[in-house]
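Here is a short briefing on a protein chain.

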Amino acid sequence: MIFGRARPRVATLFWMRVDHSSSARRWYLDELAHAGPEHLDPTYVAGYDRKAQVDPTPDLAYLRGLGLGETSTFVELGAGTGVMTLAAARLCRRVVAVDISPAMLAALRRAAEQLGLTNVEWVHAGFLSYTHQGDPADFVYSRHALHQLPDFWKAIALRRIAALLRPGGILRVRDLFFSCDLEEVDAAVERWLQRAAEDPDQAWTRPELETHLRDEYSTFTWLFELMLQRAGFDIQDATYSDSRIYATYTCIRQGC
């Protein structure tokens with residue numbers, strides 16, 4: 001998909017490492033250890049986009065309707081190979097891609113250079129260690145990354161996101177959030193698993209989804225929404241999938 005390209009205003013492509021001295025504490029979670037070993041494997045990363053099948057067009061159009069444009073600073077947390085980052089870079093003044101995986105960031109950097117994008121910064125960090133520099137962000141975006149953190153750390157991550165946004169700034173987050181009641185979990189999960197792919201090169205298989213459920217940290221919508229509110233966000237929109245497995249939130253940082 002081709003997007004109208006805004007004039008680049010920042011002629012830099014940065015690699016920035018985690019500043020452990022200022023942004024992390026010794027008791028903080030080691031996000032790299034929770035990233036999943038596959039995300040650190042260059043071979044896996046090379047086929048990730050085909051497997052994930054991410055189309056940034058709907059979210060990008062939605063955010064444009066909320067004011068995303070050529071004066072915006074856009075931060076993607078858990079950027080992966082940068083599908084959304086690269087699409088946003090064609091519209092925004094400044095785009096920052098944050099990910100804990102060096103292999104993911106290397107793929108993103110190659111793609112940005114091939115496209116000739118000059119307004120993208122990539123930062124080797126996570127939700128708990130990214131330190132924003134410069135003007136506050138206008139938009140923060142995260143897709144299928146927060147589930148790497150247990151709920152205690154999700155809440156802290158959300159508060160850190162609120163701190164890097166300007167008052168009135170927008171958080172758009174999509175992940176595996178269960179919108180079912182506790183007594184519905186078994187049935188909802190089994191329906192989801194039955195729709196898993198058979199070919200691991202094309203999409204997520206049942207064993208992979210089972211691994212996610214067992215080893216990662218998806219949560220319930222009714223817990224996550226309390227976290228958002230406690231972190232300083234007003235929820236403007238919440239969309240739950242028919243499967244009751246996924247949810248997408250649009251939130252505004254309080255204080256505007």
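Which side chain meets that of E184 in a salt bridge? The partner is R244, at 3.8 Å, N to O. A salt bridge here is a side-chain nitrogen of Lys or Arg within 4 Å of a carboxyl oxygen of Asp or Glu. This is a predicted model, where local features need pLDDT of at least 70, side-chain atom pairs count only at pLDDT 80 or more, and totals for chains, interfaces and linings use all residues. Residues are numbered from 1 along each chain as its sequence is written, and side-chain values use heavy atoms, with hydrogens and water left out.

**Overall make-up**
- The protein chain has ten helices and nine strands. These are DSSP runs numbered from the N terminus: helices are H or I with at least four residues, strands are E with at least two.
- Of the 256 residues in the protein chain, 52% are buried. Buried means under 20% relative accessible area, exposed over 50%, and partly exposed in between (1.4 Å probe, protein chains only).
- Take contacts between residues at least 6 apart in sequence: 72% join residues at least 24 apart. A contact means heavy atoms within 4.5 Å.
- The protein chain exposes about 12500 Å², and carbon and sulfur atoms supply 52% of that area. Areas come from the Shrake-Rupley method with a 1.4 Å probe; for residues, only the protein chains shown count as cover.

- The structure holds nine salt bridges.
- One of them joins the side chains of E121 and R94, at 2.7 Å, N to O. E121 lies in strand β4 (residues 120-124) and R94 in strand β3 (residues 94-99), so this pair ties together parts 27 residues apart in sequence.
- Both partners are buried: E121 has a relative accessible area of 5%, and R94 has 10% relative accessibility.
- E184 and R244 also meet in a salt bridge. This pair links distant parts of the chain, 60 residues apart. E184 sits in the loop between β6 (165-178) and α8 (185-194), R244 in the loop between β8 (233-240) and β9 (246-253).
- E184 is partly exposed at 29% relative accessibility. R244 is partly exposed too, with a relative accessible area of 27%.

- E210 forms a salt bridge with R206, their closest N and O atoms being 2.9 Å apart.
- Both residues lie in helix α9 (residues 206-215), four residues apart, about one turn of the helix.
- E210 counts as partly exposed at 30% relative accessibility, and R206 does so at 28%.
- Salt bridges with shared partners join E190, R206 and E210 into one network.
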